[in-house]
Structure formats: C-alpha cells, structure tokens
Amino acid sequence: MTTLPNRPNTALLIVDVQNGVVDSSHNRDEVIANINTLLAKARSEAIPVVWIQHSSDELKPDSALWQYVPELVRETTEPLIHKRYGDSFEDTELESVLAERGVGRVVVTGAQTDACIRSTLHGAMVRGYDATLVADAHTTEDLTAYGAPVPEQVISHTNLYWSWQEAPGRKAGTVETVNVTF
C-alpha cells in the first residue's frame with residue numbers, strides 16, 4: 001500500500017548491529033540469531049538486504065566498536081549505508097538505494113530500539129514507505145541510569161505502539177521473526 005509509485009518490492013534493513021552498539025544490549029545473541037534467520041530468508045527469496053552503519057565520536061569509522069558484529073556477514077552485493085543521524089534516511093543514500101530496487105516496504109531490524117530503530121521507522125513512514133518492525137529482532141542497552149525504563153519495557157512499548165501506527169496510504173506493524181513475509 002505504499003504511497004510511492006512503482007515500488008512493489010520489500011527490503012530488509014539491518015540497522016547498526018555494530019560491536020559498540022550491541023555489546024551490552026538486551027538479548028543480544030537472540031536478536032542477532034533472529035536477524036541471521038531473516039537474512040537467510042531474504043537472500044533465499046532474492047529480497048534486497050540493506051546494511052546501515054552509524055558513525056559518531058564514539059563509533060569512529062574503521063574502529064573495532066564501529067565494525068558490524070562478527071556473527072552477521074554482509075555480502076559485497078548488499079548495499080552498506082553510512083549514517084551520522086538516528087534516521088537512516090537522513091543525509092544518506094538510503095532513499096536512492098531503495099528506489100533503484102523498487103522498494104516501497106521496509107522490514108526493520110537492529111539497534112537501538114529507542115533511538116535509530118524508532119527514528120528509521122518514522123523516517124520511512126513520513127517518506128511514504130510501509131514499515132514493518134520485527135518484534136524480536138531489535139534491541140537496546142540499559143539506560144535506566146538516565147531515567148529510561150528497563151530494556152525489556154522499551155522494546156515491549158515500541159512493539160506495542162508500532163503495531164498501531166498508520167498513515168494515509170501506508171501500513172506499519174510488528175511481526176515476529178517466524179512470521180515475517182517479504
């Protein structure tokens with residue numbers, strides 16, 4: 001139902017699953033295993049996979065913290081989008097990469113739930129995409145020291161509110177890894 005004309009395809013987005021982002025994240029290993037399951041499924045169905053990698057003062061390019069976790073391996077034919085903002089579309093080539101592939105729906109996975117995942121989901125919707133969040137394939141770190149809820153609650157709340165999102169001509173929603181369709 002995307003509002004983007006001639007965009008019937010779906011892409012899997014893998015957002016910021018980098019050493020310095022997920023090393024202390026909630027259910028790290030389970031989330032990465034679920035992303036690997038989705039990655040295998042997408043590849044077997046010839047679905048575009050787009051990798052997104054954040055850079056910042058803490059995540060300096062080419063540093064160990066900046067690198068993707070070793071459990072996830074990008075194929076050289078899969079685009080890698082470098083970003084500096086939470087929204088993966090902001091000041092990046094993501095839109096043009098998706099347009100080249102006729103993508104009107106994104107399936108979003110990765111980290112951090114309360115930052116780049118939420119920003120990317122909302123960024124997709126306002127740009128006309130349908131946006132599906134994989135409920136058990138995103139995570140965040142414990143930020144309770146700063147007044148945030150525990151990670152389980154952040155993840156649960158995001159899954160809850162994203163399952164009810166909608167906009168004219170666009171669909172949103174959440175789905176478990178086992179039920180993802182491309």
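The model is predicted, with local features needing pLDDT of at least 70 and side-chain atom pairs counting only at pLDDT 80 or more, while totals for chains, interfaces and linings use all residues. Residues are numbered from 1 along each chain as its sequence is written, and side-chain values use heavy atoms, with hydrogens and water left out.

Me: Why is alanine 46 called exposed?
Reply: Exposed means over 50% relative accessible area, buried means under 20%, and partly exposed lies in between (1.4 Å probe, protein chains only). Alanine 46 has 68% relative accessibility, and therefore counts as exposed. Alanine 46 is found in the loop between α2 and β2, and its phi is near 55 degrees, a positive value in a residue other than glycine.

Me: What makes asparagine 27 partly exposed?
Reply: Its relative accessible area is 38%, so asparagine 27 is partly exposed. Asparagine 27 also has a positive phi, of about 50 degrees, although it is not a glycine. Most residues other than glycine have a negative phi, and most peptide bonds are trans.

Me: Which peptide bond is cis, and with what omega?
Reply: The bond from alanine 111 to glutamine 112 is cis, with omega near -15 degrees, and glutamine 112 lies in the loop between β4 and α4.

Me: How do you know that strand β5 pairs with β4?
Reply: Helices (H or I, at least four residues) and strands (E, at least two) are DSSP runs, numbered from the N terminus, and two strands pair if DSSP finds at least two bridges between them. Strand β4 (residues 103-111) and β5 have 6 bridges, in the parallel sense, and valine 108 stands opposite leucine 133 in β5. Strand β7 (residues 170-175) also pairs with β5 in the parallel sense, over 4 bridges, and there leucine 133 stands opposite threonine 174.

Me: What makes β5 mostly covered?
Reply: In strand β5 (residues 130-139), 9 of its 10 residues are buried.

Me: What is meant by the largest nonpolar core, and which residues touch the most other members?
Reply: A nonpolar core is a set of buried Ala, Val, Leu, Ile, Met, Phe, Trp, Tyr and Cys residues joined through side-chain atoms within 4.5 Å. The largest has 26 residues, of which Leu12, Ile14, Val17 and Leu72 touch the most other members. The largest share of this core, 6 residues, comes from α2.
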